[in-house]
Structure formats: structure tokens, C-alpha cells
Amino acid sequence: MIEISDASFDLLKSFNYTLSIRLIPSGFCFAVSDKEMNLLYYSCQDSFSLDNEIMTKTFGQVYLCVDTNTYTLIPNPVYQPEQQEQYWNLNFGDLSPMEKLQADHVRRTDIVNLFSYPIYDQHLMDLKKRIPSLRLIHRQSVQLSMATMRNKQTNNKQLFIHVLNASFDVLCMEQGKVILANTYDYHNEDEFLYFVLNIFEQLKLDPHAVEVVVGGSPAGREKELLLKYLQNVQDDSQPFMKPLSDPFLKHLDVLNKQYTLINIPFAIN
């Protein structure tokens, strides 16, 4: 279990706070931020339980980060909520009766992220029962909002890579516009390298000019491998949208792996 708290964190003010939750195989992580979106509290529990004190409080907003790898981006001007299943069928075929669709209107973009999530996941059902106002937000929606803002600050193409345990998310951006958004499953470092280099080939990206920003939870030599073929590869040195206070700065190695969770309040309309 990991628990980090800012001195100003006060559970008596929970109604003014935002609670962000993420389920992980061994338990769940959650972060609390204030109205100015400053991180006040972070915890990662070894097991799933809603009996701790924080989960009994009432928060202004509560979000759950959805980590499914099935999603599709739709331009907002053509998006029609009643046609969600048609959009889905064009990309993935019939929706499973065990899944449900939801759409994020991604902040700072003109894009809707349509994604699926498992209806009968026990932890999700427990959370919805305890927190009826719970709102689901897809992982890639958070990353898309962040990448859009950061890319607008440059005049260059950028490739953002978010490494997970057995997959990685990719966003290729230019002038704040999305060129590619996808998630790739991979089993070893060679497959990871193959997929990334194939993106460069398909999109005709310049391996000497395009900036590649790698974040998330690298499990091996991903960055080292990319540097053999790409000139401008760097770790994501600024993954948080707001500066962190001293208690959190001491645990950057832990928090960097959960920057998607911590940045949820910045990503949704």
C-alpha cells in the first residue's frame, strides 16, 4: 500500500474535491484533487475495498479511469449519440452483450472518444452502487487532451507513447491535431519496436525530426531500443498538468506511472 498526502488535505472538505479512481489487477489506486486541480492525496491499495474512510465521503465529482483497449475517435461535428452502435459496428463488429458503450467529449479537442466497458465487472458494479454519480472516463481521452495542449506549444510533429504492462497507447500529433490514435498489444520488446517503426513508415515520419515522448510504465528496454533507430526519443519529463507539492515530489517514480489517473480532471468537459 502507498499513501501520500499534502498537508492541506482535509476530508471535511471532500464535497469540494474531485476523486479519481483506477482499477488495477492487484487492487485500485485513487487520487484526490481540489477545485484548482491541485493533487492533494494519492493512494494505491493492495486489494479492492470500499470500507476505507475516503470511500465513505461525498465528493464533488468522482471519476473512474477505464482501461479497455477498444475505442474509436469520431469528429464531434458528425457524432450522433443515437448512432453509437453503428459507429462501433463499422470498427469492431457487433457489441458484446457483456459490454456497454460510452462517449467522452475530449477537452481541448473537437473529438469524441467512443469506448466500451464491461457491464458486469464486480468492482465496477460495487463502485456504482456506492457512488451513483460515478462517471467513467477512458484512459486515452485523458492522454489525448494532454497531448493536444502540449503539441499546440510546438510547431513539430510529436509521437506520444504511453507504455502499459502488455500494450501501449500511441498518439501522433501535429499543430494540436490528431494524425493517429491507437493501442497496440505486444508480448516482447521486439514487437514493441516493430509496431513503433511501422508507424513511422506508414505515416512517412522523419526519424530524425519527429519527437517521441515515452511515458507510463516501461517494463524493459523500450526507450533504449527506439534510440537505435530514432534520433529524438525522450522520457516524459512533465507528465503532470499542475505542479506537485513536496510530499508528492518525493515519490515521482511511483506517480509517473499513474499520471493518466492524476490528470483526469483536466481531460473532461
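By class, 17 nonpolar, eight polar and six charged residues make up the lining of the largest pocket. In this classification Ala, Val, Leu, Ile, Met, Phe, Trp, Tyr, Cys and Pro count as nonpolar, Asp, Glu, Lys and Arg as charged, and the others, Gly among them, as polar. The structure is a predicted model, in which local features need pLDDT of at least 70 and side-chain atom pairs count only at pLDDT 80 or more, while totals for chains, interfaces and linings use all residues. Residues are numbered from 1 along each chain as its sequence is written, and side-chain values use heavy atoms, with hydrogens and water left out.

Pockets and cavities were located on a 1 Å grid over the protein atoms alone. A pocket is an open set of points with protein on both sides within 12 Å along at least five of seven lines, a cavity is a set of points where a 1.4 Å probe fits but cannot get out, and lining residues have an atom within 4 Å of a point. Grid points are joined across faces, edges and corners, and a volume is the space filled by probe spheres set on the points.

The largest pocket holds about 740 Å³ of space. Its lining consists of 31 residues, and those nearest the centre are Arg 22, Leu 23, Ile 24, Pro 25 and Asp 67. At least two lining residues come from each of β2 (18-24), β4 (39-45), β5 (61-66), β8 (111-118), β10 (158-163) and α7 (252-255). These elements are DSSP runs numbered from the N terminus, with helices (H or I) of at least four residues and strands (E) of at least two.

For the second largest pocket, the volume is about 350 Å³. Among the 20 residues lining the second largest pocket, Arg 150, Asp 236, Ser 237, Gln 238 and Pro 239 are closest to its centre. Two or more residues of this lining are given by each of α3 (139-151), β10, β13 (211-216) and β14 (233-235). The lining of the second largest pocket comprises nine nonpolar, six polar and five charged residues.

Two cavities of 30 Å³ or more were counted. The largest cavity has a volume of about 120 Å³. It is lined by 16 residues, with Gln 143, Phe 160, His 162, Leu 171 and Tyr 259 nearest its centre. The elements giving two or more residues to the lining of the largest cavity are α3, β10, β11 (167-174) and β13. Of these, α3 gives the most, with five residues. Divided by class, the lining of the largest cavity has nine nonpolar, four polar and three charged residues.

The second largest cavity has a volume of about 70 Å³. Its lining has 13 residues, and Met 37, Leu 39, Lys 242, Ile 262 and Phe 266 are the closest to the centre. Nine nonpolar residues, three polar and one charged form the lining of the second largest cavity.

Strand β7 (residues 99-105) pairs with β8 in the antiparallel sense over seven bridges; two strands are taken as paired if DSSP finds at least two bridges between them. Within this pairing, Asp 104 has Asn 113 of β8 as its bridge partner. The two strands form a hairpin with five residues between them, and Arg 108 in the turn has a positive phi of about 70°.

Thr 58 is placed in the loop between β4 and β5. With a relative accessible area of 54%, Thr 58 is exposed; the term exposed applies over 50%, buried under 20% and partly exposed in between (1.4 Å probe, protein chains only). Leaving aside residues up to four places away in sequence, Thr 58 touches Ser 14 and Phe 15, where contact means heavy atoms within 4.5 Å. The C-alpha atom of Thr 58 is separated by 8.5 Å from that of Ile 131, 73 residues away along the chain.

A disulfide is a covalent bond between the sulfur atoms of two cysteines. Taking as the criterion a pair of cysteine sulfur atoms within 2.5 Å, a search of the whole structure finds one disulfide. This disulfide joins Cys 29 to Cys 44, with an S to S distance of 2.4 Å. Because Cys 29 lies in strand β3 (residues 27-33) and Cys 44 in strand β4, the pair ties together parts that are 15 residues apart in sequence. Cys 29 is buried, at a relative accessible area of 1%, and Cys 44 is buried at 14%. Cys 65 is in no disulfide, and the nearest cysteine sulfur, that of Cys 29, is 10 Å away. Cys 65 is buried, with a relative accessible area of 4%, and Cys 172 is buried with 0%.
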